[in-house]
Amino acid sequence: MTVKKKRLAANHIRKIEGSLFIAPWILGFFAFMAFPLGYSLYMSFHQVRILGTGIEIVPVGLKHYKYILLENGAILYNSLFPFLRQALIMIPIILVFSLLIAIMLNQKFPGRSIFRSIFFLPVIFTTGQVVREFMTQGEGDIGFLERYNIASLVQQNLSGAWAGPIVAVMGSFVLILWYSGVQILIFLAGRQTIGSSVYEAARIDGASPWEVFWKITLPGMTPFILLNLIYTTVDLFTFPTNPILTQISTSNYGQSSALAWIYFVIILVFLGIILGIFNKVNKAAGMAR
């Protein structure tokens, strides 16, 4: 009976600790975000006009949603589908790059702290306007791609639906990797959760570095891969050069609010699909092992 009481007490303590950790976010959400989100949803069902005497709000029902989804495809679909294809290319690149860099930065070598700072500093210093300016000047691409005319080769050998997103990714490749600092930090923290004794036992058993990576490192990093997958997806959908976000403005509050909520639902659906694929791949890999 005493043991059960101790377990219950420990469970209550963990729940209280978790509630305390999440409490600042909950308070901040209700204090600063709940009302703007609710008001944005309210405006999406109205025609909003800013007059000299105040704000005029006229109910229009689902008019804005029908206009965006059914009547004018240029608002959403012409920008959405190329961006989704681009995201499907960018997400694996960022995750693989971040995982490899995190594994290397976890090694012991002179100047390790400096290199960790170098990979994370761009996340702090590159604001949305800075990134747009870099891309406008063509500073995000890799030199040899233009030198060897790789873009034209891609356009000649792939359909236009995929050639455009691939060329766009190549044109901002360096800037995409700049935004990998948070993912590298998460992977680095995840790598340090795997005890060194496991690697020592594997080396004693004669496991090669390739086998150690596939059978120890990668399975141990699975929760962090999932976390980075979610973070990267959300980060890309709010990327400064996102073509859909540029259409959300103050020129038409009602239509912009409707577009924002449609885009929010699309992000949730996209996340659900990615998580479903990840779970299936993870289960298949577990059965194979």
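## S40 and its surroundings

Apart from neighbours within four places in sequence, S40 is in contact with S257 and W261, contact meaning heavy atoms within 4.5 Å. S40 belongs to helix 1, residues 2–43, where helices are DSSP runs (H or I, at least four residues) numbered from the N terminus. With a relative accessible area of 17%, S40 is buried; the terms used here are buried for under 20% relative accessible area, exposed for over 50% and partly exposed in between, with a 1.4 Å probe and protein chains only.

The model is predicted, so local features need pLDDT of at least 70 and side-chain atom pairs count only at pLDDT 80 or more, while totals for chains, interfaces and linings use all residues. Residues are numbered from 1 along each chain as its sequence is written, and side-chain values use heavy atoms, with hydrogens and water left out.

## Helix 10 and helix 13

Helix 10 (residues 181–191) packs with helix 13 (residues 222–237) at an angle of about 165 degrees, and their axes are 10 Å apart; the axes are lines fitted to C-alpha atoms over the stretch in contact, and the angles run from 0 to 180 degrees between N-to-C directions. Helix 10 is therefore roughly antiparallel to helix 13, a term for angles over 145 degrees.

On the side of helix 10, the residues that take part are V182, Q183, I186, F187 and G190, which meet F224, I225, L227, N228, Y231 and T232 of helix 13. The residues of this contact comprise seven nonpolar, four polar and no charged, where Ala, Val, Leu, Ile, Met, Phe, Trp, Tyr, Cys and Pro count as nonpolar, Asp, Glu, Lys and Arg as charged, and the others, Gly among them, as polar.

Helix 10 is largely enclosed by the rest of the structure, because nine of its 11 residues are buried. Among these buried residues are G181, I184, L188 and R191.

## G220 in helix 12

G220 lies in helix 12, residues 209–220, and is partly exposed, with a relative accessible area of 28%. Although G220 and G190 are 30 residues apart along the chain, their C-alpha atoms are separated by 7.9 Å.

## Aromatic pairs

The structure holds 12 aromatic pairs, in which rings of Phe, Tyr and Trp (its six-membered ring) have centres within 6.5 Å. The rings of F213 and W214 form an edge-to-face pair, because their centres are 5.5 Å apart and their planes stand at 80 degrees, edge-to-face being the term for planes over 60 degrees apart. W214 is partly exposed, with a relative accessible area of 42%. Elsewhere, ring pairs link F83, F237, Y263 and F270 into a cluster.

Technical notes: Helices (H or I, at least four residues) and strands (E, at least two) are DSSP runs, numbered from the N terminus. Angles under 35 degrees count as roughly parallel, over 145 as roughly antiparallel, 65 to 115 as roughly perpendicular and the rest as oblique. Rings of Phe, Tyr and Trp (its six-membered ring) pair if their centres lie within 6.5 Å; planes under 30 degrees apart count as stacked, over 60 as edge-to-face and the rest as tilted.
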